[in-house]
There are 8 protein chains.
Amino acid sequence: MANVVGVAMGSISDWPTMKLACEQLESLKIPYEKHIISAHRMPDELQEFGKTARDKGLKVIIAGAGGAAHLPGMIAANTTLPVIGVPMKTRTLNGVDSLLSIVQMPFGAPVATVSIGEAGAKNAALLAAQVLATTDPQVEQRLADLKEKQRVEAKNSEQQFD
Amino acid sequence: MANVVGVAMGSISDWPTMKLACEQLESLKIPYEKHIISAHRMPDELQEFGKTARDKGLKVIIAGAGGAAHLPGMIAANTTLPVIGVPMKTRTLNGVDSLLSIVQMPFGAPVATVSIGEAGAKNAALLAAQVLATTDPQVEQRLADLKEKQRVEAKNSEQQFD
Amino acid sequence: MANVVGVAMGSISDWPTMKLACEQLESLKIPYEKHIISAHRMPDELQEFGKTARDKGLKVIIAGAGGAAHLPGMIAANTTLPVIGVPMKTRTLNGVDSLLSIVQMPFGAPVATVSIGEAGAKNAALLAAQVLATTDPQVEQRLADLKEKQRVEAKNSEQQFD
Amino acid sequence: MANVVGVAMGSISDWPTMKLACEQLESLKIPYEKHIISAHRMPDELQEFGKTARDKGLKVIIAGAGGAAHLPGMIAANTTLPVIGVPMKTRTLNGVDSLLSIVQMPFGAPVATVSIGEAGAKNAALLAAQVLATTDPQVEQRLADLKEKQRVEAKNSEQQFD
Amino acid sequence: MANVVGVAMGSISDWPTMKLACEQLESLKIPYEKHIISAHRMPDELQEFGKTARDKGLKVIIAGAGGAAHLPGMIAANTTLPVIGVPMKTRTLNGVDSLLSIVQMPFGAPVATVSIGEAGAKNAALLAAQVLATTDPQVEQRLADLKEKQRVEAKNSEQQFD
Amino acid sequence: MANVVGVAMGSISDWPTMKLACEQLESLKIPYEKHIISAHRMPDELQEFGKTARDKGLKVIIAGAGGAAHLPGMIAANTTLPVIGVPMKTRTLNGVDSLLSIVQMPFGAPVATVSIGEAGAKNAALLAAQVLATTDPQVEQRLADLKEKQRVEAKNSEQQFD
Amino acid sequence: MANVVGVAMGSISDWPTMKLACEQLESLKIPYEKHIISAHRMPDELQEFGKTARDKGLKVIIAGAGGAAHLPGMIAANTTLPVIGVPMKTRTLNGVDSLLSIVQMPFGAPVATVSIGEAGAKNAALLAAQVLATTDPQVEQRLADLKEKQRVEAKNSEQQFD
Amino acid sequence: MANVVGVAMGSISDWPTMKLACEQLESLKIPYEKHIISAHRMPDELQEFGKTARDKGLKVIIAGAGGAAHLPGMIAANTTLPVIGVPMKTRTLNGVDSLLSIVQMPFGAPVATVSIGEAGAKNAALLAAQVLATTDPQVEQRLADLKEKQRVEAKNSEQQFD
């Protein structure tokens with residue numbers, strides 16, 4: 001089955017966080033591909049990736065980046081596919097810089113921004129699945145199952161009160 | 001043709017901003033419905049809206065809210081449809097409160113957050129269209145046309161240098 | 001004696017902080033119940049909790065949450081009981097997100113917000129007790145005793161100068 | 001009927017905002033008294049006000065202040081009554097200073113903080129009423145009526161879409 | 001004489017600010033060219049501009065942008081010329097977003113960031129001139145003259161005390 | 001010789017930081033006294049301390065506090081002696097809350113605010129000495145000696161380049 | 001009578017704010033001199049001013065500056081007189097930049113920082129007077145009178161309730 | 001060969017960060033000199049350094065500083081050479097204070113500000129090299145080589161996915 005989600009990240013140092021997105025995609029049985037695409041070191045590859053994404057069969061792109069974090073927005077500039085941006089937590093500003101750089105896009109190139117760091121990476125996978133689920137009942141069912149599972153787990157976590 | 005996008009906002013005071021999202025949906029010929037759903041004044045209606053959205057035929061939800069801005073996240077808690085959150089500019093904190101309340105969602109209920117205020121509202125419409133365009137070539141074509149039109153307009157705006 | 005305070009938190013990970021509120025309630029001999037109620041994973045349970053709280057005999061609600069932190073505000077949307085919100089310290093933004101999401105409520109659903117993290121959790125218990133003490137002289141006496149005890153302890157802590 | 005709520009503010013310049021709290025108390029038929037008590041210009045009066053509030057029959061205190069905003073916290077230091085703090089919007093920092101000065105109280109003297117500015121002032125009155133309503137069914141009924149009225153108004157505001 | 005400074009801005013709405021940079025370059029007799037290059041609407045033109053800048057004879061680039069503000073950083077990704085970034089003041093966040101998006105660049109693609117808004121635009125021109133002045137004694141002399149003129153003007157402004 | 005500087009702090013937990021102020025006073029041979037005075041636990045002692053400080057012979061007050069940090073401002077409300085405020089670094093907000101609570105005083109009760117944490121505590125001692133040195137040539141000489149010593153040390157620290 | 005306070009500001013644009021400091025000094029009958037000394041345009045004059053201030057008879061320096069706001073700190077680097085820093089409100093960042101640049105001084109050169117803008121300017125004058133009052137009973141009396149006057153005015157402002 | 005870059009830092013504690021700038025200069029074969037010049041402890045040396053830098057043959061200055069961080073701006077006030085400012089990460093505010101103090105310069109004395117901390121230090125060296133490369137083809141070649149090397153390394157880092 002063809003890859004439908006493309007996961008891009010600006011640096012190998014983003015991998016420990018973005019891996020959580022990939023694992024989530026796997027548990028939802030969504031075929032994906034992953035790439036290191038540094039906006040500032042690989043601008044040609046970035047352009048290429050954005051421009052060819054749709055023709056390759058991708059339906060959603062997840063892009064994680066930190067600091068100036070231009071990757072998600074620049075991919076969005078080069079495609080009409082939905083782009084989900086994951087702001088990395090940064091050493092100095094904790095990810096406030098990443099968040100503002102990713103979310104404050106001008107009219108024309110939206111980036112669907114999720115929360116900073118690990119929760120955001122996992123949510124990016126869910127959001128990608130939600131996009132696919134608008135026309136794929138199987139993915140929708142898996143999302144519904146996950147939602148119910150989370151509800152039960154949250155409820156049962158009361159047993160951990162000490 | 002059935003409405004595929006639901007536009008919700010927390011207060012009629014959000015309308016001048018959210019109207020821009022609606023106008024953009026119209027120009028992309030995307031059928032939508034719009035509602036005032038205050039998370040804090042109409043919590044039952046919010047639950048109802050979230051739980052029935054998919055069965056009504058909606059495919060994407062756009063939710064605008066300001067301040068504590070619980071609307072997008074609470075809709076997301078009640079559906080597996082993709083929810084796009086638009087942070088309203090606020091009088092005291094300029095929308096930083098809205099942004100953080102909307103974007104910092106925990107794992108399980110992502111909100112696709114766009115930029116604060118008017119640019120965000122317009123981008124929310126584009127993002128909704130991008131989701132639809134993953135399986136609707138006509139919408140995709142309109143998005144591609146808009147992208148090209150924006151490119152040309154930006155380029156030509158040089159003529160306005162004085 | 002019936003429980004008069006309901007302590008809710010959005011996740012078991014909030015328990016180490018919220019436990020401090022519970023311990024403080026115990027030392028003030030205030031009967032309470034505690035629950036995990038995730039706004040985003042258990043929205044139905046949240047609604048139910050809010051709507052039935054008064055009839056169950058609760059007089060005050062303490063709700064702790066982090067990040068988007070919708071729990072306190074959504075409980076407030078569903079009850080006319082006073083709701084005290086405790087912003088959890090968060091990994092990325094240190095609780096600034098929690099604070100703004102909890103405190104910046106619109107007219108109609110106030111949340112009595114206390115300080116971020118552990119001091120806030122303990123103060124939430126005091127504040128709940130202060131509410132009860134408006135008509136319960138015994139609780140008032142315990143609060144007055146605690147205040148005097150704290151005064152003496154603060155004064156005597158000078159002996160720890162080295 | 002005796003005043004049960006004391007409304008204090010740090011400066012006459014806070015009155016346009018705090019007046020909204022007073023009007024809300026009136027509409028809920030809650031007898032109140034109001035005072036200018038500057039923490040920094042009238043420290044003796046502040047102490048006096050805090051220490052005598054309970055014996056005067058007050059049950060809740062609302063205190064509005066801006067900037068360094070010491071008034072709510074210092075009243076809380078002098079009484080075991082619940083103190084509700086309203087952060088004023090400020091000219092330079094928009095009320096972020098007021099908010100942090102009011103909410104970040106140490107263990108022992110909680111301040112029930114509401115949102116910055118006008119929404120906060122009105123919510124402070126609601127919160128005071130909620131405290132009274134824990135033992136006063138008439139006030140509770142008025143709060144429930146207001147909640148229902150707000151629900152209907154929010155719902156009907158859809159008619160203002162243009 | 002060939003243009004040695006390239007002034008780029010992301011939108012015609014940046015022109016009132018960036019015009020100040022151009023005027024300053026003129027007063028220093030530095031030949032320049034100016035362009036609208038939207039990172040998000042004209043990504044191909046951006047790449048082209050960056051890659052050809054040196055061969056065209058440009059020695060320094062000034063780029064102004066607001067919000068997500070990817071223009072300066074993406075030009076820097078495509079050239080080894082020094083790039084000066086001017087953060088535009090923005091309607092919602094006053095330019096904090098622009099500043100962080102421009103300055104927080106990763107190793108490999110520095111952007112020489114100046115202050116937000118009008119002072120920054122004028123300083124960008126000075127900084128460009130300083131770069132040229134490292135090998136152009138005439139420009140250096142003009143900069144020294146301006147510095148002395150500013151010193152005298154600042155000193156004499158005391159006469160405006162009333 | 002009588003104590004001329006009073007060092008107050010809101011909690012024994014501030015002592016490790018405020019000790020640095022005391023050590024600096026000692027090295028400048030300035031007699032001082034030190035106290036724990038919690039604004040929120042010991043409001044009467046605070047009033048007393050402020051009102052009697054001048055008559056006791058104190059000439060300058062140094063007050064350290066964290067979070068809501070009302071101590072310096074409330075002392076300033078009760079005396080016409082100069083009050084120096086030291087914002088403690090806090091666990092959640094790193095001292096931004098302390099800084100704003102201390103520095104944003106309204107007209108009438110200035111607090112001479114220094115930097116957050118340890119550098120601030122040491123500088124508070126220098127500032128107190130500078131006040132005394134306006135009329136005490138011996139203290140002035142010690143300050144001048146310290147300044148020269150710091151200059152030499154800074155210069156010589158180049159030898160630590162590795 | 002010789003000038004005992006030196007008022008410096010970085011730009012004539014600071015004068016409308018700093019004038020309030022001067023007026024306050026006048027009403028306290030404190031002789032002062034005032035200067036424009038731009039840290040960045042007049043660095044030699046700044047050095048000169050700092051180094052000669054004490055010998056000229058000045059006892060306290062008030063320095064107002066905005067943005068990068070280096071003036072107060074650089075004067076402090078050149079004198080052992082107490083330096084009071086007034087952060088100007090700025091167009092883009094409202095004075096947060098000025099505040100941090102002025103207050104976050106390293107050990108060795110403290111700046112006594114007051115609140116941002118007009119209240120700060122007036123308080124700077126009071127603080128200067130408080131320093132002088134440590135050895136001048138007349139100034140102390142005027143400060144005590146002002147404090148009492150402010151107390152009465154604050155109290156009487158209740159009559160302006162409408 | 002004469003030194004063309006001067007690297008200054010405010011304190012030996014900045015050395016671990018600024019060392020990265022020096023190492024980068026070395027790898028680009030750019031002769032440099034390095035100095036501790038504390039703006040607040042060595043103001044005379046700072047003036048001297050700024051005024052003589054050009055005549056010594058320096059072409060670019062890199063200055064790192066933290067907190068109030070006046071060093072880069074004050075050097076810029078004393079020279080027409082381009083000055084690159086590196087904001088140090090700080091213990092309390094993570095370098096936000098350093099960043100604002102360095103970047104928010106008024107018209108007349110620009111500082112080319114780079115990112116906070118280690119990435120900024122390395123980028124400062126690149127930026128200095130870019131300035132030199134405007135007229136030195138050898139340095140330009142080394143920069144182009146480094147850019148290509150970084151591109152390849154980023155691309156190949158995909159092999160580290162686990």
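Chain A has a mean pLDDT of 97, and 100% of its residues reach 70 or more; pLDDT is the predictor's confidence in each residue, on a scale from 0 to 100. For the complex, the predictor gives an ipTM of 0.98 and a pTM of 0.98. This is a predicted model, in which local features need pLDDT of at least 70 and side-chain atom pairs count only at pLDDT 80 or more, while totals for chains, interfaces and linings use all residues. As you find your way around, note that residues are numbered from 1 along each chain as its sequence is written, that chains are lettered from A and ligands numbered from 1 in the order in which they are written, and that side-chain values use heavy atoms, with hydrogens and water left out.

Let's turn to the place where chain A meets chain B. The contact (heavy atoms within 4.5 Å) takes 41 residues from chain A and 41 residues from chain B. About 3,500 Å² is buried between these two chains, with carbon and sulfur atoms giving 60% of that area. Buried area here is the accessible area, for a 1.4 Å probe, that two parts lose on being put together, summed over both.

Polar links cross this interface too. The rule finds 25 residue pairs in polar contact between chain A and chain B, both residues being at pLDDT 80 or more. Such a contact is a pair of N or O atoms within 3.5 Å; within protein, one must be able to donate a hydrogen and the other to accept it, and residues adjacent in sequence count only if both atoms are side-chain atoms. On the side of chain A that touches chain B, the elements giving two or more residues are α3 (71-77), α4 (96-103), β5 (112-113), α5 (118-133) and α6 (137-156). These are DSSP runs numbered from the N terminus: helices are H or I of at least four residues, and strands are E of at least two. The largest share of this side, eight residues, comes from α5(A). By type, the side divides into 23 nonpolar, 13 polar and five charged residues. Here Ala, Val, Leu, Ile, Met, Phe, Trp, Tyr, Cys and Pro count as nonpolar, Asp, Glu, Lys and Arg as charged, and the others, Gly among them, as polar.

Now for the salt bridges, each a side-chain nitrogen of Lys or Arg within 4 Å of a carboxyl oxygen of Asp or Glu. Between chain A and chain B there are two. In one of them, Arg54(B) pairs with Glu140(A), the closest N and O atoms being 3.3 Å apart. Arg54(A) and Glu140(B) also meet in a salt bridge, at 3.4 Å from N to O. Arg54(A) lies in the loop between α2 (43-52) and β3 (60-65) of chain A and Glu140(B) in helix α6 of chain B, so this pair joins two chains. Arg54(A) is partly exposed at 22% relative accessibility, whereas Glu140(B) is buried at 16%. In these terms, buried means under 20% relative accessible area, exposed over 50%, and partly exposed in between (1.4 Å probe, protein chains only).

Lys19(A) is partly exposed at 26%, and Asp162(H) is exposed at 64%.
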